[in-house]
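Work through the exercises below with the sequence and the model side by side, trying each task before reading its solution.

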Amino acid sequence: MSSISQAVAPSKKRLWAGRVISAIPVLLLLFSGVMKLMKPAAVLQGFAHYGYPESFIITIGLVEIACTLIYAIPRTAILGAILVTAYLGGATATNVRVSDPATIMTVLLGVLAWIGVYLRDERLKTLVPLRS
């Protein structure tokens, strides 16, 4: 067996720090996804500002929620981090295109997602050692 496939539990402090940090992007992305499904005036105005047709709101909201839920489940957290990063990459590109300062938030959420999963899952520590 390779060292990557062997499961090693992170320390309790590291695990809880990862959970708390991971909760930030999870809560914000779930809130954002649900707001897209509800389609309040502010969301409709935001989509118009970004140049997206209103017909995409539900699909984008569902994708956002799905990626976030996959990230929130411990067993699929690494796949979820990849999906959340891809979603946030699109959001970042959209913000850059219209010179929206929310670019900082989308980048920060992606960084927090990876820090959170890195602290929660020892397999990433093996794949991405931060010190030798």
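**Exercise 1: a pair of packed helices**

H1 passes H5 in a left-handed crossing, a term for a near helix turned anticlockwise from the far one by less than a right angle, clockwise being right-handed. The model is predicted, so that local features need pLDDT of at least 70 and side-chain atom pairs count only at pLDDT 80 or more, while totals for chains, interfaces and linings use all residues. Residues are numbered from 1 along each chain as its sequence is written, and side-chain values use heavy atoms, with hydrogens and water left out.

Task: describe how H1 and H5 pack, and which classes of residue make their contact.

Solution. Begin with the geometry: helix H1 (residues 12–38) and helix H5 (residues 103–120) pack at an angle of about 150°, and their axes are 7 Å apart. Because of that angle, H1 is roughly antiparallel to H5, the word applying to angles over 145 degrees. Next, look at the contact (heavy atoms within 4.5 Å), to which H1 contributes residues including Leu15, Ile21 and Leu28, and H5 residues including Leu109, Leu112 and Tyr118. Finally, sort the residues of this contact by class, which gives 15 nonpolar, three polar and three charged.

**Exercise 2: a second pair**

Task: work out how H3 and H4 are arranged, and which residues bring them into contact.

Solution. The axes of H3 and helix H4 (residues 77–97) come within 7 Å and cross at roughly 150°, and therefore H3 is roughly antiparallel to H4. H3 passes H4 in a left-handed crossing. Among the contact residues are Ile60, Val63 and Cys67 of H3, together with Leu79, Leu83 and Val84 of H4. By class, the contact of H3 with H4 has eleven nonpolar, two polar and one charged residues.

**Exercise 3: a charged link**

Task: find which residue forms a salt bridge with Arg14.

Solution. A salt bridge needs a side-chain nitrogen of Lys or Arg within 4 Å of a carboxyl oxygen of Asp or Glu, and by this rule the count comes to three. Arg14 is paired with Glu122, their closest N and O atoms being 3.1 Å apart. Arg14 lies in helix H1 and Glu122 in helix H6, 108 residues apart, so that the pair links distant parts of the chain.

**Exercise 4: confidence**

Task: decide where confidence is lowest and where it is highest.

Solution. The protein averages a pLDDT (the predictor's confidence in each residue, from 0 to 100) of 92, and 93% of the residues score at least 70. Among the helices, confidence is lowest in H6 (residues 122–127), at a mean of 84, and highest in H3 (residues 57–72), at 98. Over residues 1–5 the pLDDT is below 50. Where pLDDT is low, the predicted coordinates should not be read in detail.

Key
Axes are lines fitted to C-alpha atoms, for helices over the stretch in contact, and angles run from 0 to 180 degrees between N-to-C directions. Helices (H or I, at least four residues) and strands (E, at least two) are DSSP runs, numbered from the N terminus. Angles under 35 degrees count as roughly parallel, over 145 as roughly antiparallel, 65 to 115 as roughly perpendicular and the rest as oblique. Ala, Val, Leu, Ile, Met, Phe, Trp, Tyr, Cys and Pro count as nonpolar, Asp, Glu, Lys and Arg as charged, and the others, Gly among them, as polar.
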